[in-house]
Amino acid sequence: MNIIKRVFDFRGTPILASVFAALFIAESKWQLRKRVQPRVKRIIINSIVSIPAFGLLRCLFLPVMVKLATKNEQNRFGLYYQYKAHPLFKYTVTILLLDYGSYLWHIVNHKIPLLWRFHVVHHSDADLDLTTAIRFHFGEMIGSVFFRGAFVFLSGASAKTVLAYEIAFEGVTQFHHSNWRLPFKLEKLLNKLIVTPRMHGIHHSIIREETDSNYAVIFSFWDRLYNTIRLNVQQDLIVTGVPTYSDADELTVGYLLKLPFTKIRKWEKVMDARHSIEGVNNMVE
Ligand SMILES: [Zn+2]
């Protein structure tokens with residue numbers, strides 16, 4: 001049987017569906033940020049927008065990644081095959097490289113105007129919750145085939161590692177987008193290693209300096225390493241979204257799908273009236 005079916009469809013998909021269901025219950029029961037939009041309306045919009053992106057993930061992204069990994073295995077190309085060490089160590093290095101690739105991919109999505117055209121669809125959501133985790137324009141998925149594919153190619157990741165990483169990538173993406181109020185101390189502890197809801201919530205702020213921080217996907221230490229971390233923002237002060245794309249009536253499914261092909265509006269400066277709390281590395285409630 002095809003490895004994508006065996007690993008991603010039969011193992012990954014039930015795991016991710018269960019994580020989704022658990023997070024849905026958790027964020028309904030323990031809400032972190034106040035909602036500004038009707039929940040059902042957003043579930044419908046975000047789900048429909050996600051369909052072409054999911055189609056491309058399964059039928060283009062994963063097959064290309066597996067093909068690259070298989071070719072590497074045959075040609076013994078990529079970092080994995082160039083040195084001797086315990087397999088566990090080598091797997092860890094590969095996973096870290098793939099995640100570093102995801103961190104850089106997220107940064108270029110914000111910095112390169114052509115890529116921002118697509119990523120703005122994700123950021124235009126006026127609330128941030130589990131369904132934002134699937135609100136991606138399919139164009140972004142096409143771009144990631146090239147960028148993240150390069151990291152698969154250079155790291156020498158095996159097909160199994162690529163698929164395992166992708167399952168973890170999707171799971172943590174669901175988690176850090178969720179609107180789940182975790183016990184503060186627990187989240188602070190978890191955040192030492194992985195990206196958590198309070199950390200990613202700041203990345204979705206309408207204040208530019210806050211959006212320009214917290215790019216990491218699975219491991220939070222990339223942001224610490226490159227000084228792109230910002231944790232000292234109170235969650236109830238965050239206004240989510242993009243200032244120039246905030247008209248809910250305008251952001252229909254049709255508009256969101258064609259948005260990348262329209263003239264992109266500049267980010268309007270929003271006055272920041274909040275107290276700035278000392279230390280970007282200090283998480284606050
Ligand atoms: Zn982003």
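**Notebook: zinc site and helix packing**

I first looked up the zinc ion in this predicted model, and I noted that its donors follow the spacing H-x3-H-x8-H-x3-H-x79-H along the chain. Donors here are N, O and S atoms within 2.8 Å of the metal (3.2 Å for Na, K and Ca), and water is not among the atoms, so sites may look incomplete. I listed the protein donors as the NE2 atoms of His-106, His-110, His-119, His-123 and His-203, which lie 2.1 to 2.2 Å from the zinc ion.

Helices are DSSP runs (H or I, at least four residues), numbered from the N terminus. I found both His-110 and His-123 buried, that is, under 20% relative accessible area (1.4 Å probe, protein chains only).

I checked the rest of α4. Because 8 of its 11 residues are buried, α4 is largely enclosed by the rest of the structure. Among the buried residues I recorded Leu-115, Trp-116, Phe-118 and His-119.

Finally, I examined helix α2 (residues 39–75) and helix α6 (residues 159–177), whose axes come within 8 Å and cross at roughly 145 degrees. Axes are lines fitted to C-alpha atoms, for helices over the stretch in contact, and angles run from 0 to 180 degrees between N-to-C directions. The contact (heavy atoms within 4.5 Å) includes Leu-57 and Phe-61 of α2 and Val-162 and Leu-163 of α6.

I note that residues are numbered from 1 along each chain as its sequence is written, and that side-chain values use heavy atoms, without hydrogens and water. Local features need pLDDT of at least 70 and side-chain atom pairs count only at pLDDT 80 or more, whereas totals for chains, interfaces and linings use all residues.

Key
Buried < 20%, exposed > 50% of the residue type's maximum accessible area, 1.4 Å probe, protein only. Helix = DSSP H or I, 4+ residues; strand = E, 2+ residues; numbered from the N terminus.
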